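Hello,

Here is the structure I promised to pass on to you. Have a look at it first, and then read on for my notes.

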Amino acid sequence: MAQSSASPKDFRLWPFVVIAAVVGIAAICFAYTAGWLSPNRLTPKKLVAGLAPPGGPALGHRRNHSKGICFTGTFEANGEGSALSKAPVFVRGQYPIVGRFNLGTPNPNAEDAMVRTRGLGILITTPDGQEWRSAMINAPIFPVSNPQAFYDLLTASASKDPNAMKNFIGANPGFLTFLPWAKSDQWTESYAEEPYNSLNSFLFVDESGTKHPVRWSLIPAAQPVSISPAELGKRGPDYLEQEITQRVAAGPQHWKLMVTVANPGDPTADPNKAWPADRRTIDVGTMTVQQIEPERDGPCRDINYDPTVLPAGITTSDDPFPAARSAAYSRSYNSRTAEEADYPRTATGAKQ
Amino acid sequence: MTTTRTRFAVPQRILHWLMAICILSMLFIGVGMVSTITTKYLTLVQIHKPLGIAILVLALIRLALRLYYGAPALPADLPTPMKLAAELSQYIFYALMIAMPLIGWAMLSAAEYPVVLFGSVHLPSILPVSPSLHTLLWHAHYYLAFAFFGLILMHVSAILFHKLVRNDGVFEAMASVSTDDQPERPTH
């Protein structure tokens with residue numbers, strides 16, 4: 001229905017009302033999607049801010065697991081993993097790893113004896129260019145069941161309210177099952193003596209397309225030597241990095257990659273819940289750490305150990321953490337890479 | 001190439017509307033994904049990357065079609081500022097449609113992320129790993145996305161103005177479902 005175009009005399013308001021309404025509605029939908037109208041939405045920004053110590057984050061560094069040291073090495077697959085996953089990384093062969101030992105703290109200068117949680121990030125590349133990234137920790141279970149509870153834990157830990165932790169535990173009783181490990185003083189004296197656990201569940205997809213819910217762990221070949229945090233403290237604030245550097249210089253260090261397959265009904269969506277010990281566990285290969293390099297100029301420095309970077313043959317499961325971790329790690333990465341000047345490489349002209 | 005046609009060619013119209021859906025989805029997915037830590041985050045990121053590359057391919061095809069078919073002339077009585085705005089906006093649209101996916105791809109490359117499209121299919125890295133380049137490209141991707149959405153709102157306002165206020169045939173040049181390229185212009 002073509003109308004004759006309006007002359008300036010017969011001005012009509014309604015077309016402008018229509019235009020304003022269309023643009024206004026579109027803008028509101030956009031703002032809603034962006035979260036600007038939802039102050040309670042748990043955003044990556046909030047989660048990452050929740051990790052920061054009272055004085056603010058350490059600029060240029062990872063926002064958590066900030067203290068760390070790089071390594072290079074290999075993953076030697078024995079072929080056993082191929083029954084569960086078609087990922088090329090499980091085909092018998094040797095694939096390069098760029099990894100990072102780290103402490104679960106937002107403070108890159110933390111003393112080793114102050115941090116119970118030790119972590120390991122790995123990036124394994126196969127010749128077809130696919131990558132498997134994983135970031136694991138030495139704790140046997142995760143302190144909480146879901147990302148919101150993790151944020152609540154951060155909030156409660158930082159709170160001045162004397163009842164904050166009590167209230168948190170009341171709402172998240174699963175946290176109590178984490179405490180025996182967290183409070184134990186049976187630590188180890190080396191990064192090389194720790195197991196590193198995925199804790200999160202993933203799905204291995206085999207050649208037939210069948211999905212197998214799994215968790216995995218790196219089990220050290222080195223015998224753990226128990227040490228209390230007080231004893232560890234006497235060895236110096238950066239003992240772990242010095243020790244792993246010397247140990248690897250003296251000889252490569254090995255871990256078995258053990259994949260545990262869930263039985264139907266096992267809690268795949270909750271890393272706070274361990275699976276029964278009798279679950280089928282398969283040795284799929286060996287990680288070898290061959291060389292240690294300081295993080296400042298090391299090959300792990302600019303890598304985001306995002307646990308959702310997976311090869312075809314491994315996917316995320318109903319566990320909500322990998323998505324939350326990916327979103328938060330990305331935020332952390334964007335922040336720290338923009339702060340490169342605060343953590344300059346020595347090799348690229350830092351003023352001596 | 002100039003043309004006397006009053007409508008865009010059929011392939012141009014199809015691509016315009018297909019890309020309109022893709023680009024609007026892309027912008028909503030983009031702002032949505034960086035605002036959430038739920039499992040939707042991964043789903044949105046997994047759509048964002050291949051859709052971005054699809055838009056890049058479609059934009060290049062569209063640019064070729066534009067060079068081949070040209071565009072219908074704007075109404076002769078359109079005031080010069082509006083004519084300039086219309087022409088400038090088209091250049092900006094093409095620049096954004098091509099630049100945004102490339103910036104995204106380069107940004108992932110500079111951050112050492114694999115650019116996975118689906119399954120084991122991934123694109124090569126197009127930049128060396130560099131925190132400073134990553135930061136520059138990330139900021140460009142972020143702010144240009146808002147500029148892109150703003151431009152689309154202006155585009156929608158302008159085309160509704162053409163239709164509802166001037167009724168000068170500009171809307172029909174792209175909106176018509178007719179395959180006839182030489183219809184009568186609406187009477188003035």
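This is a predicted model: local features need pLDDT of at least 70, side-chain atom pairs count only at pLDDT 80 or more; totals for chains, interfaces and linings use all residues.

**Chain B as a whole**

Chain B is built from 5 helices and 2 strands. Reading from the N terminus, their order is α-α-α-β-β-α-α. The C-alpha trace of chain B spans about 55 × 30 × 25 Å along its principal axes. Of the 188 residues in chain B, 30% are buried. If you look at contacts in chain B between residues at least 6 apart in sequence, 69% of them join residues at least 24 apart.

UniProt, in an unreviewed entry, lists residues 7-174 of chain B under "domain: Cytochrome b561 bacterial/Ni-hydrogenase". That stretch of chain B is 75% helix and 4% strand, and its end C-alpha atoms are 6 Å apart. The UniProt annotation "transmembrane region", also from an unreviewed entry, covers residues 14-39, 51-71, 91-108 and 140-161 of chain B. Among these, residues 14-39 of chain B are 77% helix and 0% strand, with end C-alpha atoms 33 Å apart. Residues 140-161 of chain B are 100% helix and 0% strand, and there the end C-alpha atoms are 31 Å apart.

Helix α2 of chain B covers residues 40-69. With 30 residues, helix α2 of chain B reaches 41 Å from its first C-alpha to its last, close to the 44 Å expected at 1.5 Å a residue. Buried in α2(B) are Tyr41(B), Leu44(B), Lys49(B), Gly52(B), Ile55(B), Ala59(B) and Arg62(B). The cover over these buried residues of α2(B) includes α8 of chain A, along with α1, α3 and β1 (115-118) of chain B. After α2(B) comes Gly70(B), with a positive phi near 70°.

Helix α4 of chain B takes in residues 131-166. Its 36 residues should span 52 Å at 1.5 Å a residue, and the end C-alpha atoms of this helix are 50 Å apart, which agrees. The buried residues of α4(B) are Pro131(B), His134(B), Thr135(B), Leu137(B), Trp138(B), His141(B), Phe148(B), Phe149(B), Ile152(B) and His162(B). They pack against elements from both chains: α1 (14-33) and α8 (321-338) of chain A, and α1 (10-33), α3 (80-110) and α5 (170-175) of chain B. Just after α4(B), Asn167(B) has a positive phi of about 45°.

**The core and the contact between the chains**

Which residues have the most contacts inside the largest nonpolar core? They are Ile244(A), Ile37(B) and Met107(B), in a core of 93 residues. The largest share of this core, 8 residues, is supplied by α3(B). Leaving aside its neighbours within four places in sequence, Met107(B) is in contact with His134(B), Leu137(B), Trp138(B) and His141(B).

The contact between the chains takes 45 residues from chain A and 38 residues from chain B. On the side of chain A that touches chain B, α1, α2 (44-51) and α8 of chain A each supply at least two residues. By class, that side of chain A has 26 nonpolar, 14 polar and 5 charged residues.

**A few spots in chain A**

The UniProt annotation "active site", from an unreviewed entry, covers His65(A). You will find His65(A) in the loop between α2 and β1 (67-77) of chain A. Is His65(A) buried or exposed? His65(A) counts as buried, because it has 27 C-beta neighbours inside 10 Å, where 20 or more are needed. Not counting residues up to four places away in sequence, His65(A) touches Asn102(A), Leu103(A), Gly104(A) and Gly119(A).

Strand β3 (residues 118-125) of chain A and β4(A) pair in the antiparallel sense over 7 bridges. In their hairpin, which has 5 residues between the strands, Gly129(A) takes a positive phi near 90°. Strand β4 (residues 131-137) of chain A has 7 of its 7 residues buried. In a regular strand, side chains alternate between the two faces of the sheet. In β4(A) both faces are covered, with Glu131(A), Arg133(A), Ala135(A) and Ile137(A) buried on one side and Trp132(A), Ser134(A) and Met136(A) buried on the other.

Best wishes

Methods:
Residues are numbered from 1 along each chain as its sequence is written. Chains are lettered from A and ligands numbered from 1 in the order in which they are written. UniProt positions are given in the numbering used here, feature names are shortened, and annotations may be inferred rather than shown by experiment. A residue is buried if 20 or more other C-beta atoms lie within 10 Å of its own, exposed if 12 or fewer, and partly exposed in between; C-beta atoms are placed from the backbone. Two residues are in contact if their C-beta atoms, placed from the backbone, lie within 7 Å. The expected span of a helix is 1.5 Å times one less than its number of residues. Ala, Val, Leu, Ile, Met, Phe, Trp, Tyr, Cys and Pro count as nonpolar, Asp, Glu, Lys and Arg as charged, and the others, Gly among them, as polar. Two strands pair if DSSP finds at least two bridges between them. A nonpolar core is a set of buried Ala, Val, Leu, Ile, Met, Phe, Trp, Tyr and Cys residues joined through C-beta atoms within 7 Å.
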